[in-house]
Amino acid sequence: MPDDKTPNLLDFIVDRTHAGIFVVDRDMQVVLWNQFMEMHSGRKAEELLGKNLFDEFPELPRKWLTRKVKNVFILKNFSFTSWEQRPYLFRFPHNRPVTGGVDCMRQDCTLMPVKNTAGEVEYVCFTLFDVTDTSIYQQQLQALTRELREVSNRDGLTRLYNRRYIEETLCREFKRARRHAQPLTVVLSDIDHFKQVNDFHGHLAGDEVLRVVSHRLLDSLRDTDILGRYGGEEFLIVLPNTGIEGGKVLGERLRQAIESEPVNIDDTRLEVHISLGITELREDSFDYEQLIGEADQALYRAKEAGRNRAMVYAPSAPQRLTEP
Amino acid sequence: MNIEPYTEDQTDALQEVANIAMGQAGDSLARILDNFVTLSVPRIRQIAAQELVDTVIAMVGDEDEVSAVRQAFYNSLRGEAIVIFTQSGADELAELLGYDCELDDNIEQELLLEIGNLLVGAILNGISETLGTELGFSAPSLMAEHSPLRQVLTANRLSWQHALLLEVNFSVERHRFKSHLLMFMTGETIETLRDILDDFMDEF
């Protein structure tokens, strides 16, 4: 049982526990400030009791926090903040060596209504948890997951998106463009006479041509455009928020990017060209596969017309009857 | 565990409790959001695990894009509440909650969690207070963002056979915002609640 020498157990624990505990009243005046808060803020309880929290810590997000505390008074219910959405409430230094990316303590907070015997809320008690370690592990895990996802979505040779992923992307963009009534253009392109590059110069040369072409295409596209390797020497390009006119301009830019400069393989300068087929989303477009089919038809016409050019899909033009 | 369905009296009592709770919750929420709010008459169902998806889809709609927040409650009653947002312009939520900063992904998530917590708190406290009992709450967490409702419901491994489901939908005057709160209680809690309802009825 407590006596003169033994401290009150609850008081002791609240003061010394391994979490920040502080209490404010309706006017945001500090009513309790435990040791954890003292040690990490560098401010003693005796300086802070009776003072307004925002006057003493002007860097706190005043409007948001006032509202959040007010809601606890009204609703008489717990409230929470999480480091994942709001990294911290107070900018405290953290106590572990930095492995990267964490400049200060990450915190989870709980706001608790403190009711009197009449059931009215008199104070709000904050409990502040140091979750820096958890946040670092979480971020490492997320970085690894991102890397893994990238690897599974990318083609090994060209580093472009692979066929599966570019098709998924087109499917998504198709739905989005439909939902928001926005334009969408699709381009299918392939390298002219690519088989001959492999046959005359070898597969290593062919690989290099693929890499260089991929790189130049990527360079010529806008940030919002998405490029993928669709087949052996075929590329699928998704142009969100772009209509057929924009598609034609981009198609020509891509064609020139490849034609303007030969590809250097050892001592050989290889002339490389691409053909392109372009189509846009229309009201009567059924699904994304139809768009790929149309771009393919247009690509075929570009080949027939002599290669090294872009053609736009025309429903009335003679269509290819069999798959290549 | 085999759950006896509630008697008609118990079901009526539960509906009564829920209706009273919504009135209280509506008042608190209106004060917080500074706008007139509408809480629907709660729908209460006892369902088997395999009926979950169809029951919820029938109540909420087969939505393509929902965001969802979950929060556990405990003490006399244990279970989970899920708040499903079918239409929530983040900009509307921000305005409702008095955020005047730039909206980014983190702020949007925080808005969902905050509204979720407010709804769960208001509604579940309404219920527990009417029943004369007290509940504790865990921190809310994000369950899904812009996912099909069907996927959100089936993604979770359900370890229960039967559940008591209470559904309420919530909207705010002059705002597009719409959400549904689903309160799930299973097994023992259904029994505990039965006893609490019997006590509740005895008082009247």
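Trainee: What should I know before reading the numbers?

Mentor: Residues are numbered from 1 along each chain as its sequence is written, while chains are lettered from A and ligands numbered from 1 in the order in which they are written. In this predicted model, local features need pLDDT of at least 70, side-chain atom pairs count only at pLDDT 80 or more, and totals for chains, interfaces and linings use all residues.

Trainee: What is the confidence in chain B?

Mentor: pLDDT is the predictor's confidence in each residue, from 0 to 100. Chain B averages 88, and 96% of the residues score at least 70. Within chain B, helix α3 (residues 90–96) is lowest, at a mean of 82. Strand β3 (residues 66–75) of chain B is highest, at 93. For the complex, the predictor gives an ipTM of 0.87 and a pTM of 0.73.

Trainee: How many helices and strands does chain B have?

Mentor: Helices (H or I, at least four residues) and strands (E, at least two) are DSSP runs, numbered from the N terminus. Chain B has six helices and eight strands. Their pattern along the sequence is α-β-β-α-β-β-α-α-β-β-α-β-β-α.

Trainee: What does the radius of gyration say about chain B?

Mentor: The radius is taken over C-alpha atoms, and the globule rule is 2.2 Å times the number of residues to the power 0.38. With 204 residues, a compact globule would have a radius near 17 Å; chain B has 17 Å, which agrees. The C-alpha atoms of chain B fill a box of roughly 50 × 35 × 25 Å, taken along the principal axes.

Trainee: Which strand of chain B is mostly covered?

Mentor: A residue is buried if 20 or more other C-beta atoms lie within 10 Å of its own, exposed if 12 or fewer, and partly exposed in between; C-beta atoms are placed from the backbone. In chain B, 41% of the 204 residues count as buried. Strand β8 (residues 178–186) of chain B has eight of its nine residues buried.

Trainee: Which strands pair with β8(B)?

Mentor: Two strands pair if DSSP finds at least two bridges between them. Strand β4 (residues 79–87) of chain B pairs with β8(B) in the antiparallel sense over eight bridges. There, B:Val83 stands opposite B:Leu181. Strand β7 (residues 162–172) of chain B also runs antiparallel to β8(B), joined by nine bridges. B:Ser171 has B:Lys178 as its bridge partner. The hairpin of β7(B) and β8(B) has five residues between the strands, and B:Arg174 takes a positive phi near 65° in that hairpin.

Trainee: In what order do the strands of the open sheet in chain A lie?

Mentor: The order is β2-β1-β5-β4-β3, five strands with antiparallel pairing. The edge strands are β2 (30–33) and β3 (79–81) of chain A, each pairing on one side only. Strand β1 (residues 20–25) of chain A meets β2(A) over three bridges. A:Val24 has A:Val30 as its bridge partner.

Trainee: Where does chain B touch chain A?

Mentor: Two residues are in contact if their C-beta atoms, placed from the backbone, lie within 7 Å. The contact takes 18 residues from chain B and 14 residues from chain A. On the chain B side, α1 (8–33) and α4 (105–131) each supply at least two residues. The largest share, nine residues, comes from α4(B).
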